Amino acid sequence: MTLVRAKKHLGQHFLTDKNIAAKIVDSLKPEGRFTNVLEVGPGMGVLTDFLLLKTEYETSVIDIDDESVQYLKKKYPQLGNRLMNADFLEMDFKTVTDKPFAIIGNFPYNISSQILFKVLDNRSQVIEVVGMFQKEVAERCAAKPGSKEYGILSVFLQAYYKVEYLFTVKAGVFNPPPKVLSAVIRLTRNQAENLECDEKLFWQIVKAGFNQRRKTLRNAISSLINKEKMTDNPTLDLRAERLSVADFVKLTNEVMAAR
């Protein structure tokens, strides 16, 4: 079969190292929690080869690239309608399954944040993600309070998922090689059904705090708080990067109570 051309506008960098591909697939931990896996952007199927060997779950794949889909149809006729030619960012996950499922992929770096926010929007159904990201993005996802990498994405993901930085991947194992290092992370859904606060206000406070991260929270979120009632709140004298998810939840409740 004719090989698929990597397309720059789709952010495609095809993984060529089968040992790393196997390691990524083995990073999925179904353990009875899910029976369906969705692979995003399979390209020429280097991950798919190993996913289809797994009997503990059923694999579906989605790719926006027509050329990849035609290639995969010939390579994996057994996939049938579980091979979808569509845009992951626009898809309704209920068309794949109405059960909890996992997502895996060598994700296009130009839409990596959009992919993660799509996961967050569907956090009640997506209970695990194993994916390849630009190393810088992976570090932000897993960053802890107080680090320079810690930011909006860190807080939002860690509010609902356990985030683990698994391993770094060098550029030479891709075709074409990216200009940056890559890394694989795992997101595992935690037990939080909700954050025990007004989640809309929580998101507003987190965004406002990090959008002006050099300012103390008192100044960064001044438009959201009742200044007269919160003058003595010591948390407001910190910068956003110092607060954990639990701290932001507590602050959100305090801001709400003072309104």
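Which residues does Arg123 touch, not counting residues up to four places away in sequence? The first legend has the answer. This is a predicted model, where local features need pLDDT of at least 70, side-chain atom pairs count only at pLDDT 80 or more, and totals for chains, interfaces and linings use all residues. Residues are numbered from 1 along each chain as its sequence is written, and side-chain values use heavy atoms, with hydrogens and water left out.

**View A. Arg123 and its contacts.** Arg123 sits in the loop between α4 (112-121) and β6 (126-134); helices (H or I, at least four residues) and strands (E, at least two) are DSSP runs, numbered from the N terminus. Leaving out residues up to four places away in sequence, Arg123 touches Tyr160, Tyr161, Arg189 and Glu199 (contact means heavy atoms within 4.5 Å). With Glu199 there is also a side-chain polar contact of 3.2 Å (a pair of N or O atoms within 3.5 Å, one able to donate a hydrogen and the other to accept it; residues adjacent in sequence count only if both atoms are side-chain atoms).

**View B. Lys227 in its loop.** Look for Lys227 between α8 (217-220) and α9 (245-257). Lys227 counts as exposed because its relative accessible area is 52% (exposed is over 50%, buried under 20%, partly exposed in between, with a 1.4 Å probe and protein chains only). Ala258 is 31 residues away along the chain, yet the C-alpha atoms of Lys227 and Ala258 are separated by 8.9 Å.
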